[in-house]
Amino acid sequence: MNSLSLFAFLCVISAHSITISANFAAYPPIPGVNAKEGCPLRGGGGDALTPLRREVYDNGKIFDISHRYAPELPVWESSEGLGQDFLWLTTSIKNGSRANNSEFKLGAHTGTHVDAPGHFYDNYYDAGFDVDSLDLKLLNGLALLVDTPRDKNITAEVMKSLNIPKGVRRVLFRTSNTDRRLMFKKEFDTSYVGFKEDGAKWLIQNTDIKLVGIDYLSAAAYDHSVQSHLAFLESREIILVEGLKLDDVPAGVYSLSCLPLRLVHSEASPIRCILIT
Ligand SMILES: [Zn+2]
């Protein structure tokens with residue numbers, strides 16, 4: 001086998017394994033981007049210049065559970081989604097600059113993000129309980145991914161039925177929001193499911209859970225948005241990670257890694273989260 005055919009062979013093998021592990025068919029294309037996977041060994045020009053976009057890394061050992069910031073991403077109470085204008089080039093090589101330089105503008109609660117206590121408590125906001133004050137030890141560690149009963153908000157009864165053992169500190173709740181692919185639909189949908197106030201209170205009183213992850217833009221059900229957030233955030237011990245991408249990840253125990261931006265004075269931040277088996 002000459003070096004060229006060896007190269008082609010390696011590309012075919014790697015592309016095949018990526019197709020299996022990444023399950024690209026489950027994900028819509030990113031607007032304006034050719035999202036089909038390229039050969040990771042390629043670095044040249046022409047047709048081969050295609051970025052590799054992955055949901056799963058290292059043969060299924062690492063799952064990216066963050067959503068991409070793209071125009072179709074839904075935004076709270078908007079029918080337009082994030083739109084094309086959130087990211088733009090301020091200088092570009094095409095216009096004669098030596099480098100491309102972008103700026104972006106985002107709500108702090110856009111996409112996969114974390115809420116700090118100041119989100120619903122103004123006294124906490126004034127005192128500085130922002131995303132920079134969140135505990136990285138809580139945002140990183142063993143986590144349980146569980147499926148909740150479908151098409152039901154997370155009530156006290158649902159929480160009880162999940163039988164989450166004492167000692168479990170981080171739980172990612174996968175709901176019918178994932179089945180309905182709501183985070184892939186640009187129109188904000190008030191029929192998403194989330195925590196009712198009694199579900200939040202049951203969790204606080206009966207479990208050791210301090211990190212609550214959910215698969216739409218709010219941990220709270222739409223009609224309990226205020227009540228559930230107030231319950232969760234009152235103690236300043238619970239961190240809410242919202243807008244997680246939990247598609248095609250088996251339920252179970254993982255090592256969770258979540259890192260927010262150090263946005264001083266901000267009650268929320270975009271966050272990158274991964275699960276490692
Ligand atoms: Zn939020």
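The protein chain has 7 helices and 11 strands; helices (H or I, at least four residues) and strands (E, at least two) are DSSP runs, numbered from the N terminus. This is a predicted model, in which local features need pLDDT of at least 70, side-chain atom pairs count only at pLDDT 80 or more, and totals for chains, interfaces and linings use all residues. Residues are numbered from 1 along each chain as its sequence is written.

**Confidence**

The pLDDT is the predictor's confidence in each residue, from 0 to 100. Its mean over the protein chain is 87, and 83% of the residues reach 70 or more. Over residues 1-28 the pLDDT is below 50, and this stretch has 29 contacts in the model beyond near neighbours in sequence. Residues 31-45 also have a pLDDT below 50, with 31 contacts beyond near neighbours in sequence. Where pLDDT is low, the predicted coordinates should not be read in detail. Two residues are in contact if their C-beta atoms, placed from the backbone, lie within 7 Å.

Of the 277 residues in the protein chain, 34% are buried. A residue is buried if 20 or more other C-beta atoms lie within 10 Å of its own, exposed if 12 or fewer, and partly exposed in between, with C-beta atoms placed from the backbone. A nonpolar core is a set of buried Ala, Val, Leu, Ile, Met, Phe, Trp, Tyr and Cys residues joined through C-beta atoms within 7 Å. The largest such core holds 51 residues, and those touching the most other members include Val114, Phe232 and Val241. Strand 11 (residues 268-276) gives the most to this core, with 4 residues.

Leaving aside residues up to four places away in sequence, valine 241 touches Val114, Leu211, Gly213, Cys258, Ile271 and Cys273. In helix 7 (residues 225-233), the buried residues are Ser228, His229, Ala231, Phe232 and Leu233. They pack against helix 6 (197-206), strand 8 (211-214) and strand 9 (239-242).

Tyrosine 57 is in strand 1 (residues 56-57). It counts as partly exposed because it has 15 C-beta neighbours inside 10 Å.

Aspartate 58 counts as exposed, with 11 C-beta neighbours inside 10 Å, whereas arginine 236 has 16 and counts as partly exposed.
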